[in-house]
Amino acid sequence: MENLILDGRKVAQSIKNQLVERVQVLKEKGVTPCLATILVGDDPSSATYVKMKGNECEKIGIKSLRIHLPKETETIELLETIQKLNEDASVHGILLQHPVPSHIDERKAFETISIEKDVDGVTSFGYGQTALGFGKYPSCTPAAIMSILHFYQIPIEGKHAVVIGRSPILGKPVSALLLNENATVTTCHSRTTNLSEVVRLGDIVVAAVGKPKFIQGDWIKQGAVVLDAGYNKGNIGDVDYDACSEKASAITPVPGGVGPVTISMLLKHTVDAAEETISKH
Ligand code: NAP
């Protein structure tokens, strides 16, 4: 069956094009949007992700303040760094790259980020607001998944969405966002029984498992829309793309699907946060 490839790069480009203009307007008003990224330690993948996010900021005129702390950093020192950024009026968004070294209390660090600057949607306050339907900055990957659905005008209301995964940054918030747009949502996890049968009910299937090619072709209902948030070693998604493509009416590839849109959502939230500071004055 001929299916639609949901092109994340195209969606991301369209979002970034709109942001360029908004950044320009902010600069004319004397405000340069600024995202502070905090990297703790030397994990190569984390370093690459942070660098990529910073570079993407700069490409559209957002200032990237890059803070790199040594791996021996104690929780209290990290909290102090975040607190200083909370108080710095020139910083509009704060991103603490996950994971931090295991001796650090990551949750405490996330919760220290002020809600106005939580552009990555990691605080429990932000998550609560998202779940209740008035969150400003939902986690970026869930926001990206919704953006892709909106961009391609894929109907959500009344559809059965099956999300595989319930992590605080992905499965749970994307389930909430889909529910807020009137999907009937089933959230699956490692204790779900008869997983394949549950997935087969999905008109929209979101894979957020963290296991390469986990979602099989024969789990997919004919004509379903498949969004693969997975990003495993070797650029492999959580969905068996070739097999699932045979059944899906639309599907995101990996790479070039959810990933690029996730970064553009981070940029968008930073610009939103900068605009908020102006509207408050
Ligand atoms: P995570 O925290 O490890 O969560 C994985 C979830 O999958 C958990 O809820 C787990 O269930 C569930 N799960 C594990 N094995 C399962 C099984 N056999 N059957 C059903 N459910 C199962 O991972 P995450 O941070 O949400 O990330 C998920 C994937 O998205 C990863 O590939 C990650 O690299 C990718 N990701 C991509 C982006 C992006 O920008 N594209 C951003 C973030 C993450 P339990 O809760 O029961 O353990």
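Trainee: How many helices and strands does the secondary structure of the chain come to?
Mentor: This is a predicted model, in which local features need pLDDT of at least 70 and side-chain atom pairs count only at pLDDT 80 or more, while totals for chains, interfaces and linings use all residues. Residues are numbered from 1 along each chain as its sequence is written, and side-chain values use heavy atoms, with hydrogens and water left out. Helices (H or I, at least four residues) and strands (E, at least two) are DSSP runs numbered from the N terminus, and for the chain they come to 10 helices and 9 strands.

Trainee: What percentage of the residues of the chain count as buried?
Mentor: Buried means under 20% relative accessible area, exposed means over 50%, and partly exposed lies in between (1.4 Å probe, protein chains only). Of the 281 residues, the share that counts as buried is 52%.

Trainee: Which residues does UniProt place under the feature "binding site"?
Mentor: UniProt positions are given in the numbering used here, with feature names shortened, and annotations may be inferred rather than shown by experiment. In this case the record is an unreviewed entry, and the residues it lists are G165, R166 and S167.

Trainee: Where does R166 lie, and which residues does R166 touch beyond four places away in sequence?
Mentor: R166 sits in the loop between strand 5 (160-164) and helix 7 (171-180), and R166 is partly exposed, with a relative accessible area of 39%. Contact means heavy atoms within 4.5 Å. Not counting residues up to four places away in sequence, R166 touches G171, K172, T187, C188, H189 and R191.

Trainee: With which residues is S167 in contact, leaving aside its neighbours within four places in sequence?
Mentor: S167 also has its place in the loop between strand 5 and helix 7, and S167 counts as partly exposed because its relative accessibility is 29%. Once the neighbours within four places are left aside, the contacts of S167 are K172 and P173.
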